[in-house]
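Open the model in your viewer and keep the selection tool at hand. We will go from stop to stop, and at each one you will hear what to select and what is there.

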Amino acid sequence: MPENLVRLKERLARLKRLSEVSELLGWDQQTYMPEGAAASRGEQSAVLSQLIHDTFVSSETADVLGAAEQEIAGADPDSDDVRMLAVVRRDFDRETRVPSDLVAELSRHQAVAHSIWVRARKENDFASFAPALEKMLDLTRRRAEALGYTEHIYDALLEGYEPSLKRSEVAAMFAGIKPALVEMTRAIGASARPVDASLLHRSYPTEVQKSLTLKLAEEFGFDLKRGRQDEAAHPFCSGFNRDDVRLTTRLDPNYLGQGLYATLHETGHGLYEQGFTVEYDPTPLGTAASLGVHESQSRLWENMVGRSRNYCVHLFPQLQAAFPGALGNETTESFYRAVNRVEPSLIRVEADEVTYNLHIMLRFELECELLTGELKVSDLPEAWNTRMQAYFGITPPTDSEGVLQDVHWSAGLIGYFPTYSLGNVMSGQLWHAVRRAHPDLEEQIRRGQFAQLLEWLRANVHRYGRKYSPATLIEKATGEPINSRYYLEYLTAKFSEIYGL
Ligand code: ZN
């Protein structure tokens, strides 16, 4: 093997292991770490991040990367090595384009803005957060200019989460589905067949939920020899590498929907992480293609599978046996309807399948306007509320339940929101493709068999890790460019039936 490529791979392997350690510290922080360790953990994480960053952007990396690129010039453009070098080049250029004093200023301001936001949300005081947001936007604009873009300043930021996706493509996708979603939301609100979800709000002992959700994750195909599940205040999935994937869930003794669907969602993320090709570990290809692709996996298992009538046929008897007091007199059908209740609501993270994307579109539109200066920070709460009224027919009574609800902008995560909806759209497209490949798939799910679904996802999505861009990956898997047609068809068919539209 070419000598510089070998040296580069060794260097990248060390960096990958270091970042796994760093993620492990983060996982521990959100699960078991005693509160008193917060300050020392912050320092540990900072030391590691600095070490990883400095090693990666060093002149040694630049030299060996350049030499390796020359060594493989002319090789098969689809080979793993060529694809890996393209990924490393892209990361290297992104990390070195932003001046280090701006990186430091951003990271300092993130800490400050975050604590100001926490207080502002608690006290419903947008005005106290506004100057911190102004400064965050200013620093973000400077960062985007340093990163560079051809069409729109937003593209430079989006690229960090969703490689090669453009703002214009997101806008076109949203324009295609927004009218239908707004109309569906309105029609559901006026439906003569409302859904009663009260059965989910009964007594569900958490110890029982804990063992049951773990069993459901395992049933989907999550390998407990290479992963585990714990509890955390905000459920997440940490995949250090394919052999160590940590799910978290949050169990509420009076609400079954929380823990159950948090587990199914995070299991979707976890299955993806466990499915990367073994030879990609530890290389930069042994990670996710993008946030959107990651979310397509969680949404597919949570919604297309977990909230389907066929899965409920399999699941409900198990729930009834585990919680006879709460569900003894209920039916599969009442459970199916309850977990698919649609209601326009103020809070994004509690939103159902139909209204969720409207929350994302609203944020995407506003952050684009804020970045270009079309919208002033001082006018943001009003713009938020106007759009809430237009899309959902409701106006937040307070800014805490409106413009102040999400952590993202205070943390400098601007350009991140569209990846949630993109994941939904991709999940609809993949769901369509896998059922075309296996016409009896839903029958299998009804019997509690998930192996063929997982095998298809492994072969068409998981194993490639970061080898292909999201657009290429989805087109290879489904035979079509990313498009929202199947997702919209899925929503329309499902909710028209439930609500008798
Ligand atoms: Zn997720």
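Start by selecting Glu-365, which lies in helix α15 (residues 356-372); helices here are DSSP runs of H or I with at least four residues, strands are runs of E with at least two, and both are numbered from the N terminus. This is a predicted model, in which local features need pLDDT of at least 70, side-chain atom pairs count only at pLDDT 80 or more, and totals for chains, interfaces and linings use all residues. Residues are numbered from 1 along each chain as its sequence is written, and side-chain values use heavy atoms, with hydrogens and water left out.

Is Glu-365 buried or exposed? At 17% relative accessibility, Glu-365 counts as buried (buried means under 20% relative accessible area, exposed over 50%, partly exposed in between, with a 1.4 Å probe and protein chains only). Now show its surroundings: beyond the neighbours within four places in sequence, Glu-365 is in contact with Lys-178, Arg-387 and Tyr-391, where contact means heavy atoms within 4.5 Å.

Next, select residues 100-122, helix α5. Its 23 residues reach 33 Å from first C-alpha to last, close to the 33 Å expected at 1.5 Å a residue (the expected span is 1.5 Å times one less than the number of residues). Colour Leu-102, Leu-106, His-109, Ala-113, Trp-117 and Ala-120, which are buried in α5. Helix α6 (126-147) is included in what covers these buried residues. After α5 comes Asn-124, with a positive phi near 50 degrees.

Select β1 (227-231) and β2 (237-241) together with β3 (residues 244-249). They form an open sheet of three strands in the order β1-β3-β2, with mixed pairing; two strands pair if DSSP finds at least two bridges between them. β1 and β2 stand at the edges with a single partner strand each, so one side of each is left without a neighbour in the sheet. Neighbouring strands are turned by 15 degrees against each other on average, direction ignored.

Look at the two pairings in turn:
- β1 and β3 are parallel over five bridges, and Glu-231 has Thr-249 as its bridge partner in β3.
- β2 and β3 run antiparallel with four bridges, including the partners Ser-238 and Arg-246 and the partners Asn-241 and Asp-244.
- A hairpin of two residues joins β2 to β3.

Five of the six residues of β3 are buried. Helix α10 (residues 256-274) lies across β1, β2 and β3, at about 165 degrees to β3; axes are lines fitted to C-alpha atoms, for helices over the stretch in contact, and angles run from 0 to 180 degrees between N-to-C directions.

Which residues are the protein donors of the zinc ion? Select His-265 (NE2), His-269 (NE2) and Glu-295 (OE), lying 2.1 to 2.3 Å from the ion. Donors are N, O and S atoms within 2.8 Å of the metal (3.2 Å for Na, K and Ca), and water is not among the atoms, so sites may look incomplete. The donor spacing in sequence is H-x3-H-x25-E. His-269 lies in α10 and Glu-295 in helix α11 (residues 291-305), so the pair ties together parts that are 26 residues apart in sequence. His-269 is buried at 10% relative accessibility, and Glu-295 is buried at 9%.
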